[in-house]
Amino acid sequence: MEQISIAGQLFQYLITGITVGSIYAMVAIGFNIIYDVTDIINFAQGEFVMLGGLTMVLFHVSFQIPIIIAFILTVMGVTLIGILVDRLAIRPIRQPSVLTLIIATIAVSFVIRGAAMFFWGKNPFDLPAFSGRNPITFYGAVIQPQYFWVVGFLIVVVIVLSIFFDKTITGKAMKACADNADAARLVGINVNQMIMLSFALSAGVGAVAGIIITPISLMEYDRGAMLAVKGFGAVILGGLGSFPGAIIGGLILGIIESLVAGLISSGYKDAFALVVLLCVLFFKPSGILGNIEISKIKRF
Amino acid sequence: MEADKGILKISELVMAFGGLMALYKPDFVIRQGTITAVIGPNGAGKTTLFNVITGFLTPNEGTIHFRDQSIINLKPHEIAGLGISRTFQTVEIFENMTVLENVMLGFHTKLRSSFISSGFQLPLTRRKEKEIKSKAMDILKFIGLSGKWNEPADSLPLGEQKVLEIGRALASDPALICLDEPAAGLNETESHLASSLIMAIKEKGVTVVLVEHDMKVVMDISDEVLVLNYGQKIAYGTPEEIKNDPKVIEAYLGDDGAYA
Amino acid sequence: MMLRISKYSIFFFALIIILFPRIASNISAIEHYPDIMIFAGIYCLITIGLSLLMGYAGQISLGHGAFYGIGAYISAILTTRFGWNPWSCMVIGAVITSIVAFVVGAPSLKLKGHYLAMATLAFGVIVFIIFNEEIEWTGGPDGMTGISGLTLFGFPLNTVERYYYFVWGIVLAVFIFTVNIIQSGSGRALRAIHSSEAAAMAMGVDVSRYKIMVFTYSAALASVAGSLYAHYLNFVNPSSFDIFFSIKLLIMIALGGMHYIWGAIIGAVIITFLNYEWLHYFEELEILVYGAILLIVTIFLPQGLAGIPAIVKHWFRRTLSDGSR
């Protein structure tokens, strides 16, 4: 057997960390999209990811729909679920205090998770990797082709969203709602529609994350909660509401987790990521990149 | 004379938010037993001044002495315990309580309550609670809300909510009370009532500092007026002196004369 | 509005507690209900504290399952590994849990809203992972057996009826204690914090002290509940203390009505029966049902079941005053 060098091993952890971190980054982006427009932290964000993975399995594996069409159908389907969440669960609330909204999104996450368990059962599902499973060996690290897809999709999502928010009228209108909902209403922006759109977009991004991670880590009904907590960790690390922060936060969290799993204990990797989250919350709640002024202005 | 004794002394006070100077050395002394109005255009630093005095903000520099004791770096509840009470610009009554309970909460500084003493209903706790209840009723009589003691506080009209907030602030038996725009949003009758209430508070021997835009109220009731602009003191004197101060007129006209 | 809780209603509550096993034992269909009521009582201890924390003081916690678990595991470990007396385990458990709650609560409670929710959730997950991973101490996912039962004045609490009265006696005592807190200066201070922290501070309420007090109190109650659970079942494993359980606690107080202390009792009893009895045969629907209950209550009945009398009263008054016009 060939001896794996320490450098190669570290490189391996780094690669795995970046892959997992890309998923956390996408969950974090999903949180931020909704938070920016509504000031709601959607505790059901992880459920969109889970639904993305399992729906893709249904379309592509069970129904044998070609991968690209199945991909599009899945993203559209989960986006629709996102719209329904806003319509059926968030908007009907008459006294939208922070506490009530937290409880409502928790309720939504349970409904989605419960429905998924009823529909798919408790077993994890696999999805064929997009470009097969022949790993590439690179400086002693074994890299699955799917890893490239994950990172590639993160880049695509970020580019598409940047163009959307900076160049299109709708995107700019959403940003306006984020800055000041009342002012946006005054200039004739339909804030309710923007809120719905934020749920749709965020669900869509979640679905993409779920589809691309399933070939690597499988997917089952109750994966959402942990993904949400980790994604929120990425959000907090990078500073609430910040898109570049979400990406950096996600990658850092992924890499830390992968290093802990490899070097210390795989059982404690989740706990360690959460300890990082708690430390940031306790000592620098504005995030490692965020500035304090902004976190003070945002009403919490 | 007792009345000449300064109860609150502020000097060299600087409060900056990032690059913005909200307060820049508005030195002044509040005399005991007087009503002092703080006026100035929007963004002059009036509410910031209140927040600094009551401990909600910690200033970057300067000193505040209340009855010759420094109160810088004390927490709001500690300052309240020393005898400075306040109301808020946006009415902050406890809407989940009755009118009476709102005032009873005002007695909190007089209450040494813990979960243990409350949970076991120790005789002392019960006696205190009874005493506070009757004192709170007295305050409701004083502010004219005793008929509505058992109503939910948020069912009151805005004018009465503001009066209730003043009553709650009085409950802690303060030596100094800071009222942030007590007449804002009130109609003429209501603001007249508020004015006479403030006068009555002064009669009780409580020193009053108020921020107010309603110039009629300010001129009618205050003994001293402090004018702030861009965080700095531009004038301090009797209402008569202020009315004729060219710097004050300029400050207000410069702000489109909005409040002149 | 917070309705005053009369002595009569507490007396009536005590009467129901006393009579329930007598009635149940005579009806074969509900013969086993006192056993379920033991669990309901144990959960009531947690929900009473949570109701004070969330409904009255307005501070969310999604991690109370962890405090419940710490209490249970301390009882389990100290009795099985060191042969300690169960009573001292219960007390030590409550003390240690209080310390943990203080250490976690002090920085957490500076956070608001979503941040606090996530911090407590993360804490809950971390503790759950520790229960699973520290196999030497906790037995890992398999849990621990052989936890000794309780004996009161040489009188072993080894039957369902005895344990039922014991647990519900504690619930009644804690309930009265908590009602006293609510209807005093401390309770007012908590509600003031819920309504406006700024105004509470300005009126001299030491906001952070009260938040930590109520957090610690509710954690200590959860710990006692955990010990009672461990000594009753003589067995613990981590799955009883996961995030799902913490959310179930949330569902209990939301369904009962978190602004009313009675809501804690009502919600805990209903959800316990749902859990152990009515949903027993529909396990695959469990999560869906819980989610649906929480969602429906949040949207249509934000005051919970205990709030219904107030709604009805309000509705009657309006109809009457409309009719008289």
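Predicted model: local features only at pLDDT ≥ 70, side-chain atom pairs only at ≥ 80, totals over all residues.
1. Let's start with helix α1 of chain A, which runs over residues 6–38.

2. On to chain B, where the domain assignment gives domain 1 (1–83 + 174–260) and domain 2 (95–169). Taken over C-alpha atoms, the centres of these two domains of chain B are 27 Å apart. Where they touch, domain 1 of chain B puts in eleven residues and domain 2 of chain B puts in eight.

3. Which elements give two or more residues to the domain 1 side of that contact? They are α2 (76–82), β8 (176–180) and α7 (188–203) of chain B. α7(B) gives the most, with three residues. By class, this side of domain 1 of chain B has eight nonpolar, two polar and one charged residues.

4. Now look at where chain C meets chain B: the contact takes 24 residues from chain C and 31 residues from chain B. On the chain C side, the elements that give two or more residues are α7 (160–182), α8 (185–195), α9 (197–202) and α10 of chain C. Of these, α8(C) gives the most, with eight residues. The chain C side divides into 13 nonpolar, eight polar and three charged residues.

5. α10(C) also turns up in a helix pair inside chain C. Helix α3 (residues 64–82) of chain C packs with helix α10 (residues 207–233) of chain C at an angle of about 45°, and their axes are 7 Å apart. That angle makes α3(C) oblique to α10(C). The crossing of α3(C) past α10(C) is right-handed.

6. Who makes that contact? From α3(C), the residues include H64(C), F67(C), Y68(C), G69(C) and I70(C). From α10(C), among them are S218(C), A219(C), A222(C), Y229(C) and H231(C). By class, the contact of α3(C) with α10(C) has eleven nonpolar, nine polar and no charged residues.

Methods:
Residues numbered from 1 in each chain as written. Chains lettered and ligands numbered in written order. Axes fitted to C-alpha atoms, helices over the stretch in contact; angles between N-to-C directions. Helix = DSSP H or I, 4+ residues; strand = E, 2+ residues; numbered from the N terminus. Parallel < 35°, antiparallel > 145°, perpendicular 65-115°, else oblique. Left-handed = near helix turned anticlockwise from the far one by under 90°. Contact = placed C-beta atoms within 7 Å. Nonpolar A, V, L, I, M, F, W, Y, C, P; charged D, E, K, R; others polar. Domains from an automatic or database assignment. Expected span 1.5 Å × (residues − 1).
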